[in-house]
Amino acid sequence: MIEISHVNKWYSPSFQVLTDCTTSVTKGEVVVVCGPSGSGKSTLIKCVNALEPFQSGDISVDGTKVNDPKTNLPKLRSRVGMVFQHFELFPHLKIIDNLCLAQQKVLDRSRDKAMAKGMQLLERVGLKEQAQKYPANLSGGQQQRVAIARALAMDPIVMLFDEPTSALDPEMVSEVLDVMVDLAHEGMTMMVVTHEMGFARKVANRVIFMDRGEIVEDAAKEDFFGKPRSDRAQKFLSKILSH
Amino acid sequence: MFANLDFDVIRRALPYLFYEGMTFTLTLTALAALGGLVFGTALALMRLSGYKILGRIAGVYVDFMRSLPLVLVIFWFYFLVPYIGQWVTGASRPISVGAFASSLITFIMFEAAYFSEIMRAGIQSISRGQPAAASALGLTYAQTMRYVVLPQAFRNMLPVLITQTIVLFQDTSLVYVLSITDFLGAASKVAQRDGRLVEMYLFAAVVYFTISCIASFGVRRLQARIAIIR
Ligand SMILES: Nc1ncnc2c1ncn2[C@@H]1O[C@H](COP(=O)(O)OP(=O)(O)OP(=O)(O)O)[C@@H](O)[C@H]1O
Ligand SMILES: [Mg+2]
């Protein structure tokens, strides 16, 4: 579903943020990406839907090359759902309109169809009653669930998550993770940057560990948690599992 | 000195002052603000587009407009437009452009320079995550601007935009150089005709002051409301 091969990216000639990254996510797979702060996790996941350009290598999603200038990027992105660390709901639009905007403008769905789909997804994430409110009136956990619903409204073939719970108060983390676990169980293809190892243990098929722009470890979940091969991954794991 | 002031002259001139003068002033202000906002937003988008040439053109335009006294622009534009029109259309004689059309175009072009700076600040105040989220949903660049970035920039900048419009409202009085009957022009005509300069100019000042003050007060209340929403 996602093929990443030999991707290199520089932010400036002296600063290489991604070095020869190669991995893949197959249909129905859940892949968790972890690693220390600044290791390039966000950058890598943003390359997948071309929110960030990269200088060499290839990425394709469902057979479409994202770094091909001829690719219709808006169309490709409309099939790739993305959830951000800081939710990024549109504050000037009501919750339901946050869910309808792209359905109507990108997929050309009628207002009625978009509303029906939006309400159905809000119900699914337990927020039907909030449809007429504005994002600022919702808690962080609620906002992130709306953001997930907004992405799902586009009927994506794959979902990308960039630290979806790290900006949340601790008591709101689980309500968001529950939605993501359900999604994984339904067979959604997911690439998730997170430090929530409980989530990884529960639903991940593979875990990728990144450090300083490199994919240091790319292993099946059992192998990764059993005994990571690299020192760096071991150190990282013991640090985040110790508290 | 105030003993022989005749304020009744104002009462008698009220219909003329407001139906003709103020109507013109408010129409010019509203249309110029609207046009200036549209053109100014286009300039702001050019400057932020990432295309160097477009940005430079817009930048030079803004700097040029902001370094000229408005009254000169009004004056020159009025005399130049007929000749520019002649040159563009290839007509045999200078085309005639009414004083209203000429002053409206002038104000739109002049105000656009100021509105563009306000909208540019407004667009830059939106965090980068917002356009990223819009793109991630499949919206094109134009749709992202139209539905996500510009509405927020406009809302955040509304108090400043209105404040600029209050300045514009006062500046429209400069059309007197074209002998147009705006509010000040009307007051001035009555003043000359009846020889009541002190009364009429005093009254005109009070009216401009009152309207601007009420509008400024409204802006402050609006600012407080926007602060709560955010
Ligand atoms: N637009 C940019 N320009 C220059 N450098 C950048 C830019 N964005 C990110 N960086 C740098 O690139 C590196 C990788 O950033 P990235 O956000 O991908 O890390 P991350 O693994 O997601 O970290 P975190 O866990 O803190 O989110 C960091 O050192 C960061 O400072
Ligand atoms: Mg990150």
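Biologist: Which residues of chain B does UniProt list for "domain: ABC transmembrane type-1"?
Modeller: The model is predicted, so local features need pLDDT of at least 70 and side-chain atom pairs pLDDT 80 or more, while totals for chains, interfaces and linings use all residues; side-chain values use heavy atoms, without hydrogens and water. Residues are numbered from 1 along each chain as its sequence is written, with chains lettered from A and ligands numbered from 1 in the order written. UniProt positions follow this numbering, and annotations may be inferred rather than shown by experiment. In an unreviewed entry, UniProt gives the domain as residues 22-219.

Biologist: How far apart are the end C-alpha atoms of residues 22-219 of chain B?
Modeller: Over this range chain B is 82% helix and 0% strand. Helices are DSSP runs of H or I with at least four residues, and strands are runs of E with at least two. The end C-alpha atoms are separated by 21 Å.

Biologist: Which side chain has an N or O atom 2.8 Å from an oxygen atom of ligand 1?
Modeller: Polar contacts here are pairs of N or O atoms within 3.5 Å. A:G38 places a backbone N or O atom 2.8 Å from a ligand 1 oxygen, and a polar side-chain atom of A:E163 lies 2.9 Å from one. The side chain asked for belongs to A:K41.

Biologist: Which element supplies the largest share of the shell around ligand 1?
Modeller: The largest share, three residues, comes from α1(A).

Notes:
Polar contact = N/O pair within 3.5 Å; in protein donor to acceptor, adjacent residues only side chain to side chain.
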